[in-house]
Amino acid sequence: MNKDLIHESLAKRVKHKMLSDDLLFDVAEVFKIFGDSTRIKIIYALKLSELCVSDLAFITNSSESAISHQLRILKQAKLVKARKDGKVVYYSLKDEHVIKLFEIGREHVEEL
């Protein structure tokens with residue numbers, strides 16, 4: 001018995017059910033992506049419509065290079081996808097999970 005544990009059997013049961021450290025690290029990385037206000041603006045704008053870099057730069061009051069950088073991060077995290085139409089690349093959210101994550105965060109903040 002670990003003398004520092006108050007509820008040893010409960011702690012052992014929970015520890016046994018814990019997800020792997022690698023998976024928990026990956027989940028934390030997703031939430032880090034949501035930790036930047038420019039990326040959140042991009043996510044919300046893309047929730048409303050598929051957009052190109054120049055549209056997103058205008059909407060977020062950012063430079064196109066700053067938006068391109070943020071979109072690269074969002075694409076690497078598999079939160080955003082791209083579609084090319086001629087010379088223009090349009091961005092949209094990868095799937096409904098991204099919207100759910102955003103909406104849960106929004107609901108939490110609006111409750112406060």
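Ser 65 is exposed, with a relative accessible area of 55%. It counts as exposed because the cut-off for that class is over 50%. The model described here is a predicted one. Ser 65 belongs to helix α5, which covers residues 64-76.

The side chain of Ser 65 has a polar contact of 3.2 Å with the side chain of Ser 63. Ser 65 and Val 53 are 12 residues apart along the chain, and their C-alpha atoms are separated by 8.6 Å.

Thr 60 lies in helix α4, made of residues 53-60. With a relative accessibility of 5%, Thr 60 counts as buried, because buried means under 20%. The side chain of Thr 60 also takes part in a polar contact of 3.2 Å with the side chain of Ser 62. Leaving aside residues up to four places away in sequence, Thr 60 touches Lys 41, Ile 42 and Ile 67.

Helices α4 and α5 pack with their axes 9 Å apart, at an angle of about 110°. That makes α4 roughly perpendicular to α5, because angles of 65 to 115 degrees fall in that class. On the α4 side, the residues that meet α5 are Val 53, Ser 54, Leu 56, Ala 57 and Thr 60. They meet Glu 64, Ile 67, Ser 68 and Leu 71 in α5.

## The sheet

Three strands form an open sheet in the order β1-β3-β2, and their pairing is antiparallel. Which strands are at the edges? They are β1 and β2, each of which pairs on one side only. Helix α3 packs on this sheet and touches β1, β2 and β3. The direction of α3 makes about 95° with that of β3.

Strands β2 and β3 run antiparallel and are joined by six bridges, with β3 covering residues 88-93. Arg 83 stands opposite Tyr 90 in β3, and Ala 82 has Tyr 91 in β3 as its bridge partner. The hairpin of β2 and β3 has two residues between the strands, and in this hairpin Gly 86 takes a positive phi near 70°.

## Salt bridges within and between elements

How many salt bridges does the structure hold? There are six. One of them joins Lys 32 to Glu 29, with the closest N and O atoms 3.0 Å apart. Lys 32 and Glu 29 are both in helix α2, residues 21-33, and are three residues apart, about one turn of the helix. Lys 32 is exposed, with a relative accessible area of 53%, while Glu 29 is partly exposed at 28% relative accessibility.

Another salt bridge is formed by Lys 47 and Glu 103, whose closest N and O atoms are 3.3 Å apart. This pair links distant parts of the chain, as Lys 47 is in helix α3 (residues 37-48) and Glu 103 is in helix α6 (residues 96-111), 56 residues apart. Is Glu 103 buried or exposed? Glu 103 is buried, with a relative accessible area of 17%. Lys 47 is partly exposed at 30% relative accessibility.

## A salt bridge to the sheet, and a network

Glu 50 forms a salt bridge with Arg 83, and the closest N and O atoms of the pair are 2.7 Å apart. This pair also links distant parts of the chain. Glu 50 is in the loop between α3 and β1, whereas Arg 83 is in strand β2 (residues 80-85), 33 residues apart. Glu 50 is partly exposed at 33% relative accessibility, and Arg 83 is partly exposed with a relative accessible area of 37%.

Salt bridges that share partners also join residues into one network, which consists of Lys 47, Glu 103, Arg 106 and Glu 110.

Methods:
Residues are numbered from 1 along each chain as its sequence is written. This is a predicted model: local features need pLDDT of at least 70, side-chain atom pairs count only at pLDDT 80 or more; totals for chains, interfaces and linings use all residues. Side-chain values use heavy atoms; hydrogens and water are left out. A salt bridge is a side-chain nitrogen of Lys or Arg within 4 Å of a carboxyl oxygen of Asp or Glu. Helices (H or I, at least four residues) and strands (E, at least two) are DSSP runs, numbered from the N terminus. Buried means under 20% relative accessible area, exposed over 50%, partly exposed in between (1.4 Å probe, protein chains only). A polar contact is a pair of N or O atoms within 3.5 Å; within protein, one must be able to donate a hydrogen and the other to accept it, and residues adjacent in sequence count only if both atoms are side-chain atoms. Two strands pair if DSSP finds at least two bridges between them. Contact means heavy atoms within 4.5 Å. Axes are lines fitted to C-alpha atoms, for helices over the stretch in contact, and angles run from 0 to 180 degrees between N-to-C directions. Angles under 35 degrees count as roughly parallel, over 145 as roughly antiparallel, 65 to 115 as roughly perpendicular and the rest as oblique.
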